[in-house]
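Student: Hey, I've just been handed a new structure and would like to get my bearings. Can we walk through it together?

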Amino acid sequence: MVKVVKFGGSSLSSAEQFEKVGEIIRAEDSRRYVVPSAPGKRDSSDTKVTDLLLKIYKKMEAGRPYIKTLEQIRMRYAEIIRGLGLKLSLVKEFERIRKDLESGAGEMYVVSRGEYLNGRIMAAYLGYDFIDAANVVRFNDDETLDAEETYRLLREQLKAHERAVIPGFYGSKKNGRVVTFSRGGSDITGSLVARAIRADLYENWTDVSGFMVADPRIVPDPKVIHTITYTELRELAYMGASVMHEDAIFPVSQVGIPINIRNTNEPEAEGTMIVERTSRIPSYTITGIAGMRGFVALSLEKDKMNTAVGFCRKALSAFEEYNISVEHMPSGIDTMSVIVQQKDFAEKEQQVIARIEELCEPDHIDLESNLALVAVVGRGMKSTRGTAGRLFSALAHAHINVKMIDQGSSELNIIIGVASEDFEEAIRAIYEVFVETQV
């Protein structure tokens, strides 16, 4: 069995955390390929190394001195090395970073050095080979991932390394220029490595014991989801639930490699298993609840809209012209609503409305802002009678007015729109009826 293991920044924030990671890796011989993030916060008052590196870059751009911040980072790594008792020097690495900075190194190169340096330390600590991600994760000239070339390079390189550390978060173009994923992108690197070598399991170690049914900042001590499908996770991640980077799901889901979300500080906990499909019966009717604020609904009314061929297409084309993504589109016989993110719509709203008036000639247009969307997701909903009834009953009992309802044809999710001020209470009410009381 071969496992790829990725460790987040909080798991590698100090020498003590490194030691926990070392124990986890050495506990199973199958954990052969390790993807580390940059050191995260040691406590709530601390600063992530990636943020310090970004600070250096901004100082460089502004022509301000940055050496003190670079020294702060060097001391951070020196503390980890000293705490692990390693005979490792990063003096040359920091000198190279300083020279690259003064030679005009780009922002992506600068912020990627956190993972690079942590990878060096991890390889020395474990006695594993070090493979620079810049040599095996390939980006196109437009900075999009070249997945097939990445898989080829990874397979070719890893054949020669029985055990290796590959830093997360970054890669490079053919010309050697470093490119990074978006923040949290080390998850993607781990997924790419797992896909390339066809690993049996991709373990993603973080500071929580799995994926929660609801956001713990809203619902106190929510239950852990023990098994979730890729599709369910995608639905929840799209609506803001985050334990791992959304784009990390695709590489492994395409070949059916499971992902196991685990807690570095509670390695005995099973965590959450993310799979392509499962026959396991979920603990509750729903798998999870997630949501986001910041949406606006544009509602159109027109008599006999259902007979006006092309009406919806024309209306949606107005949003396309102004590069605004449509989130949902519930409709009736004479009405349709288009739900979009308020931040994307606000500056272009008058142009979009004018274009819709021109294309569709609606009888009436109405705007409602400050909406929140809540997604209730679960493979168990399809086979359970009365799910929607219980959902709306719970919201009515909590005196929450539902402003929009949208259910996918797969019956995997129900999305509701509520006033922004009712957002958290709506999630608590849904959690109470489906998880706490299991009515």
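Student: How do the axes of helix α2 and helix α3 cross, and at what angle?

Tutor: Keep in mind that this is a predicted model. In it, the axes of α2 (residues 49–61) and α3 (residues 67–84) come within 9 Å and cross at roughly 160 degrees. That makes α2 roughly antiparallel to α3, because an angle over 145 degrees counts that way.

Student: And which hand does the crossing have, where α2 passes α3?

Tutor: The crossing of α2 past α3 is left-handed.

Student: Which residues in α2 and α3 meet there?

Tutor: On the α2 side you'll find V49, L52, L53, K55, I56 and K59. They meet T69, L70, Q72, I73, R76 and Y77 of α3. Sorted by class, the contact of α2 with α3 has 7 nonpolar, 2 polar and 3 charged residues.

Student: OK, and what about α3 and α5: at what angle do they pack?

Tutor: About 10 degrees, with the axes of α3 and α5 (residues 107–126) 11 Å apart. Since angles under 35 degrees count as roughly parallel, α3 is roughly parallel to α5.

Student: Which residues of α3 and α5 make the contact?

Tutor: From α3 come Y77, I80, I81 and L84, and from α5 come R113, G114, L117, N118, I121 and Y125. By class, the contact of α3 with α5 has 7 nonpolar, 2 polar and 1 charged residues.

Student: Changing topic. How many aromatic pairs does the structure hold?

Tutor: There are 6 aromatic pairs. One of them is formed by F139 and F181.

Student: How do F139 and F181 sit relative to each other, in distance and in angle between the planes?

Tutor: The F139 and F181 pair is tilted, at 5.1 Å centre to centre with 55 degrees between the planes. This pair links distant parts of the chain, with the two residues 42 apart. F139 is in the loop between β3 and α6, while F181 is in the loop between β6 (178–180) and α7 (186–197).

Student: Are those two buried or exposed?

Tutor: F139 counts as buried, at 4% relative accessibility. F181 counts as buried too, at 11%. The cut-off for buried is under 20%.

Student: I also noticed E143. What's the phi there?

Tutor: Phi of E143 is near 70 degrees, a positive value in a residue other than glycine. E143 lies in the loop between β3 (129–130) and α6 (147–158). With a relative accessible area of 38%, E143 is partly exposed.

Student: And what is phi for E361?

Tutor: E361 has a positive phi as well, about 50 degrees, although it is not a glycine. You'll find E361 in the loop between α12 (349–360) and β16 (364–377). At 56% relative accessible area, E361 is exposed.

Student: Last one: where does V4 lie, and is V4 buried or exposed?

Tutor: V4 is in strand β1 (residues 3–7). V4 counts as buried, because its relative accessibility is 0%.

Student: What is V4 in contact with, beyond its neighbours within four places in sequence?

Tutor: Its contacts include Y33, V35, G190, V193, A194 and I197. Also among them are A199, L201, Y202 and E203.

Student: And how far apart are the C-alpha atoms of V4 and N265?

Tutor: They are separated by 19 Å, and the two residues are 261 residues apart along the chain.

Note on methods
Residues numbered from 1 in each chain as written. Predicted model: local features only at pLDDT ≥ 70, side-chain atom pairs only at ≥ 80, totals over all residues. Heavy atoms only, no water. Axes fitted to C-alpha atoms, helices over the stretch in contact; angles between N-to-C directions. Helix = DSSP H or I, 4+ residues; strand = E, 2+ residues; numbered from the N terminus. Parallel < 35°, antiparallel > 145°, perpendicular 65-115°, else oblique. Left-handed = near helix turned anticlockwise from the far one by under 90°. Contact = heavy atoms within 4.5 Å. Nonpolar A, V, L, I, M, F, W, Y, C, P; charged D, E, K, R; others polar. Buried < 20%, exposed > 50% of the residue type's maximum accessible area, 1.4 Å probe, protein only. Phe/Tyr/Trp six-rings, centres within 6.5 Å; stacked < 30°, edge-to-face > 60°.
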